Amino acid sequence: MRDRRLLALVFSATAILVFGVYGVVAAPGAVVASPSPRPTPAGDSDESGEPDVGTTVREAGEPPSPVPVSPPPNLVTLTPVTPTSQGGPEATATSYLTAWQNGDFIGMTGMVVDPPADFGVRHRGFDADLRVSSLSLTPGELRHRGEEAAEMSFRGVRQVTGLGEWPFDSVLRLELRFGVWKVRWTPETMHRSLKDGGRLRLKETEVRSPATLTREGVPFPRDSRAGHYFSGLSDTAVELRLEEEPSGRVLLASPPRQASGTRTTISRPVQAAAARALDGVGQPAAIVALDVQTAQVRAVADTLGGKEAFNGLYPPGSTFKVVTAAALLRSGLTPESQVACPAGYTIPNGRSFSDSDGVDHGNVPFTTAFALSCNTTFAQQTYERLRDDRLRAEAADRFGFREKPGLSSCRIQPYGSPDQLGSDAIGQNSVQASPLCMAEVAAAVASGVWRPAIMTEGPPADSPAPVPLDEGVAASLRTMMGAVVTQGTASQAGLPSDTAGKTGTAEVEGGGDHAWFIGYRGSLAFAVFVRHGGAGGKVAAPIAARFLNAL
């Protein structure tokens with residue numbers, strides 16, 4: 001019995017020794033280092049049989065202070081965990097920037113102190129709203145701010161769709177949390193402009209990018225009323241501006257757009273004046289303006305539809321008296337010649353003509369009859385002087401009233417009776433012209449040479465040849481057209497000084513009268529036409545005044 005008790009005691013002691021050694025080796029949380037090269041004395045054991053390894057308790061963010069202990073004999077050496085063994089602030093910053101550059105927002109979240117719930121959403125929304133297609137980041141210098149804080153500056157380049165590269169710089173702030181370095185994230189980490197609730201906005205502005213430009217190389221004015229004549233006037237492009245709010249500072253913008261459209265002969269200020277002169281005009285209308293010396297089209301504002309300002313054929317009414325007067329001057333009349341201007345005149349054995357004012361002015365100078373637009377004078381003088389077809393020849397040979405290549409349309413037919421001749425003389429019957437054709441007539445008087453209108457630098461190869469007018473005839477016509485503005489049918493229209501012109505009121509069967517005014521001032525000749533507008537002096541001439549006064 002005694003032997004059995006002794007044997008049990010030895011067995012128990014052996015078990016206690018083995019259990020204690022096993023407990024030291026399997027202690028949780030231990031880091032295994034290299035085995036000791038030689039045996040060391042065993043350390044003391046507590047009641048559990050485990051060695052005391054010196055556990056240290058520390059505050060959050062405070063680096064642990066390891067306490068050295070004597071390892072037990074024949075066991076491995078233990079190495080306590082320190083912050084540096086988990087990687088320093090530079091390693092965390094570099095890892096964070098790498099994850100950001102790769103769009104790994106989950107990985108970034110794990111490296112951030114108390115990340116907001118919408119951390120990834122904010123980054124994705126930032127990139128989507130500002131059209132960021134790629135991001136590259138370059139770490140900068142790390143600076144310690146004590147033992148538990150650090151900062152790393154960094155530079156970045158975002159590629160913004162439509163704007164190109166957008167460089168920026170910012171700072172990563174880091175702090176030590178429970179022995180691990182993490183990023184202290186705020187919105188301004190993404191961009192400095194987001195500090196204190198700031199915002200970034202990508203603003204789109206639709207700008208005009210026309211395929212056709214004025215002669216100055218700039219877009220046509222808005223609502224130019226020239227869309228039937230030129231293509232691409234309404235073409236647009238989008239300009240982008242990346243702005244900081246609320247300061248309004250522009251961080252990135254589209255480069256200035258270089259005008260790349262095709263240049264025309266149109267002058268922007270002249271076109272703008274013509275287009276605005278038609279604002280508020282209730283009836284379809286057109287204004288065409290030419291350079292006096294070259295006959296290049298400087299403006300065409302048209303609400304008639306199609307290309308009626310160039311191709312439409314309308315009776316020109318009394319504006320055609322410029323052509324009739326040229327033929328009469330060539331027949332021997334002068335501006336001072338006395339002619340009758342009665343209230344009514346009847347062609348022998350033919351039709352009667354009357355004037356709109358119904359007044360018998362008696363005998364007056366030819367210039368006065370022209371200024372007052374006496375139908376009776378022109379019917380009588382044409383019947384008496386131009387029955388040998390000289391009116392049609394004057395119109396066709398010297399003012400372009402014939403079939404011909406070019407931009408304008410106008411025509412006159414051989415007359416079949418004296419009544420028809422008298423009606424042709426005042427711009428009715430077979431006489432038809434477009435506004436452009438009548439602008440050519442005004443330019444011919446101003447320059448002394450009839451030229452076909454062009455929209456190119458020089459006349460096309462098939463363009464009709466210029467036709468010089470007799471200088472005496474041209475000078476007389478200038479005097480007579482000046483009198484229309486100073487003392488005649490356009491004297492109340494508000495036209496600026498030095499304007500010369502001719503009013504026209506064309507009768508239309510089954511419709512209202514067409515209103516006309518043609519003229520010139522300075523380097524511009526022009527025609528104003530209002531379809532079924534009424535009296536030329538009361539309707540078309542005031543429109544011409546608005547046009548000229550706007551230049």
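Reader: How many residues of H12 are buried?
Author: 13 of the 13, so H12 is largely enclosed by the rest of the structure. Buried means under 20% relative accessible area, with exposed over 50% and partly exposed in between (1.4 Å probe, protein chains only). Helices (H or I, at least four residues) and strands (E, at least two) are DSSP runs, numbered from the N terminus.
Reader: And what's the model's origin?
Author: This is a predicted model, where local features need pLDDT of at least 70, side-chain atom pairs count only at pLDDT 80 or more, and totals for chains, interfaces and linings use all residues. Residues are numbered from 1 along each chain as its sequence is written, and side-chain values use heavy atoms, with hydrogens and water left out.
Reader: OK, how many disulfides does a search of the whole structure find?
Author: Two, a disulfide being a pair of cysteine sulfur atoms within 2.5 Å. Cys410 and Cys437 form a disulfide with sulfur atoms 2.3 Å apart. Cys410 lies in strand E16 (residues 410–411) and Cys437 in helix H12, so the pair ties together parts 27 residues apart in sequence.
Reader: Is that link of Cys410 and Cys437 right-handed or left-handed?
Author: Right-handed, with 85° about the S-S bond.
Reader: What about Cys341 and Cys374, how far apart are their sulfur atoms?
Author: 1.8 Å, and they form a disulfide. The torsion about the S-S bond of Cys341 and Cys374 is about -70°, so this disulfide is left-handed.
Reader: Is Cys341 buried or exposed?
Author: Cys341 is buried, at a relative accessible area of 0%. Cys374 is buried too, at 1%.
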